Amino acid sequence: MSTYTATINENEILSSAAYKELLNKKSAVDFYRDNGASDHILELVNMNARSYGCFGEKFTRNHFRMDSPLNTEHDAILFDRTVEIKCPRLGKKGTFFIQHIKPYHKFEFILINLLVFTGFKSYILTKKQAMPLLEEQRGEGYFIYQRDLEEHATVIENVVDLRNFIKHNRVKSWVLND
């Protein structure tokens, strides 16, 4: 018998109640497809979390013309201020949250780029705004729920909005002479 010889055949698997139940479950991809997302957006939804996160961070930094980070405690820099970037996707029920927030890291803003059906919707929070919204995430830092983001975050429509938000909400620094 070969290492890869089946002991439970394919027909038994495909005719099982467990398999039929699995086929009836909706996924995030189904939710995006049902709401008119293009094949390109569906590719992003279907991408593994690490690859998508790296793409989202790099895309967001480039789109908003931010500088690269100085270390791993933030993802970008704008006007000498540190920005954490989060790029959540909608789940199978249309909800989202941001995760792996580490409040002890040195960042001043959280820029959220939510993947929606036709592109990204961007929000921003100051770290001070985010702190009371944090919910513990069992050893992985903290997360913030959609309802709190929608209530407390500011929608960013373009590069100018982002720059204005950071200019008006940055903490003054005698070191940076601003």
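**Asking around strand S5**

Visitor: What makes S5 and strand S8 (residues 154-156) count as a pair?
Guide: Three bridges join S5 to S8, and the two run antiparallel. Two strands pair if DSSP finds at least two bridges between them, so three are enough. Within this pairing, Ser122 stands opposite Ile156 in S8. By the way, this is a predicted model, where local features need pLDDT of at least 70 and side-chain atom pairs count only at pLDDT 80 or more, while totals for chains, interfaces and linings use all residues. Residues are numbered from 1 along each chain as its sequence is written, and side-chain values use heavy atoms, with hydrogens and water left out.

Visitor: What is called a strand here, and what a helix?
Guide: Both are DSSP runs numbered from the N terminus: helices are H or I with at least four residues, strands are E with at least two.

Visitor: Which strand is joined to S5 by eight bridges?
Guide: That's S4 (residues 109-116), and this pairing is antiparallel too. A hairpin links S4 to S5 through two residues. Asn113 is the residue opposite Ser122 on this side.

Visitor: Why is Leu125 called buried?
Guide: Leu125 has a relative accessible area of 0%, so it counts as buried (under 20%; exposed is over 50%, partly exposed is in between, with a 1.4 Å probe and protein chains only). Leu125 sits in S5, which spans residues 119-126, and six of the eight residues of that strand are buried.

Visitor: What does Leu125 touch, beyond its neighbours within four places in sequence?
Guide: Its contacts (heavy atoms within 4.5 Å) include Phe109, Ile144, His152 and Phe165. Phe165 is 40 residues away from Leu125 in sequence, yet their C-alpha atoms are 9.2 Å apart. Ile144, for its part, reaches residues including Phe97, Leu133 and Leu149.

Visitor: What makes a group of residues a nonpolar core?
Guide: The members are buried Ala, Val, Leu, Ile, Met, Phe, Trp, Tyr and Cys residues joined through side-chain atoms within 4.5 Å. The largest one here has 40 residues, and Ile124 and Ile144 are among those with the most contacts inside it. S4 gives the most to this core, with six residues. In soluble globular proteins, nonpolar side chains tend to be buried together.

Visitor: How do you know that Arg81 and Glu108 form a salt bridge?
Guide: The rule asks for a side-chain nitrogen of Lys or Arg within 4 Å of a carboxyl oxygen of Asp or Glu. For Arg81 and Glu108 the closest N and O atoms are 3.4 Å apart, so the pair qualifies. Arg81 lies in strand S2 and Glu108 in the loop between S3 and S4, so the bridge ties together parts 27 residues apart in sequence.

Visitor: Are those two partners buried or exposed?
Guide: Arg81, at 1% relative accessibility, is buried. Glu108 has 26%, so it is partly exposed.

Visitor: How many salt bridges are there by this rule?
Guide: The count comes to five. One of them joins Lys26 and Asp34 at 3.6 Å, N to O, and both of these residues are exposed. Another joins Lys86 and Glu84 at 3.4 Å, and here both residues are buried.
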